[in-house]
Amino acid sequence: MVLLEGIALGWLLIVLGAILLLVEVHSPGFFATVPATVLIILGVLLLLGVDIFNSGWGVIIGVAVALCAAGVTVWMYSRITPDGSPTTISRDSLIGKEGQVIADIDATTIRGKVRIGTTEWSAHSTGPAIPTGKTVRVVDSEGVHIVVEEVN
């Protein structure tokens with residue numbers, strides 16, 4: 001009867017671990033991977049007949065395996081995540097930078113588009129219309145768009 005309870009609890013821990021992995025897949029960064037891995041490993045130990053709750057050696061083995069699983073999971077997680085913090089760009093930091101016109105720009109609307117690096121910005125010109133393909137320089141920023149002039 002005790003073995004049957006251990007097997008049922010083992011499967012329960014594995015299922016809970018799998019659910020946490022699914023949570024991590026749908027909400028990356030929640031960091032549910034570590035407890036999910038630990039639950040799955042402990043569930044497997046129970047299925048293998050290791051009594052991780054009542055036996056002295058079982059408790060030691062369970063804790064050691066759980067700590068190792070958590071450590072390996074954190075190490076693997078750190079290897080697959082991007083390094084550093086995300087890049088942030090403000091409109092004001094663009095002043096003086098050059099970019100390519102990807103949608104015609106004029107002085108009266110902000111329908112024009114400029115690509116600076118890999119980011120597209122709504123723009124209007126300081127003077128005459130600037131056609132697609134021309135190189136422009138950012139001279140100012142207003143609200144949610146930038147002001148550009150053609151580079152000669």
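**Notebook: a barrel and its salt bridges**

I started with the overall fold and found a closed barrel of 5 strands, running β1-β2-β3-β5-β4 with mixed pairing. From one strand to the next, the twist averages 55°. A reminder to myself: this is a predicted model.

Next I looked up how β3 meets β5. Strand β3 (residues 119-125) and strand β5 (residues 145-150) run parallel, and 3 bridges join them. Along this pairing I found H124 opposite V147 in β5. I also noted that strands of a sheet pair through backbone hydrogen bonds, either parallel or antiparallel.

Then I turned to the charged side chains. How many salt bridges does the structure hold? I counted 4.

I began with E120 and R115, which form a salt bridge with their closest N and O atoms 3.0 Å apart. E120 has 45% relative accessibility, so I put it down as partly exposed. R115 is partly exposed too, at 36%.

My second stop was E150 and K134, whose side chains meet in a salt bridge at 3.8 Å, N to O. This pair links distant parts of the chain, with E150 in strand β5 and K134 in the loop between β3 and β4, 16 residues apart. E150 is partly exposed at 31% relative accessibility, and K134 is partly exposed at 37%.

I noted R137 as partly exposed at 29% and E149 as partly exposed at 30%.

Note on methods: Residues are numbered from 1 along each chain as its sequence is written. This is a predicted model: local features need pLDDT of at least 70, side-chain atom pairs count only at pLDDT 80 or more; totals for chains, interfaces and linings use all residues. Side-chain values use heavy atoms; hydrogens and water are left out. Two strands pair if DSSP finds at least two bridges between them. Helices (H or I, at least four residues) and strands (E, at least two) are DSSP runs, numbered from the N terminus. Axes are lines fitted to C-alpha atoms, for helices over the stretch in contact, and angles run from 0 to 180 degrees between N-to-C directions. Buried means under 20% relative accessible area, exposed over 50%, partly exposed in between (1.4 Å probe, protein chains only).
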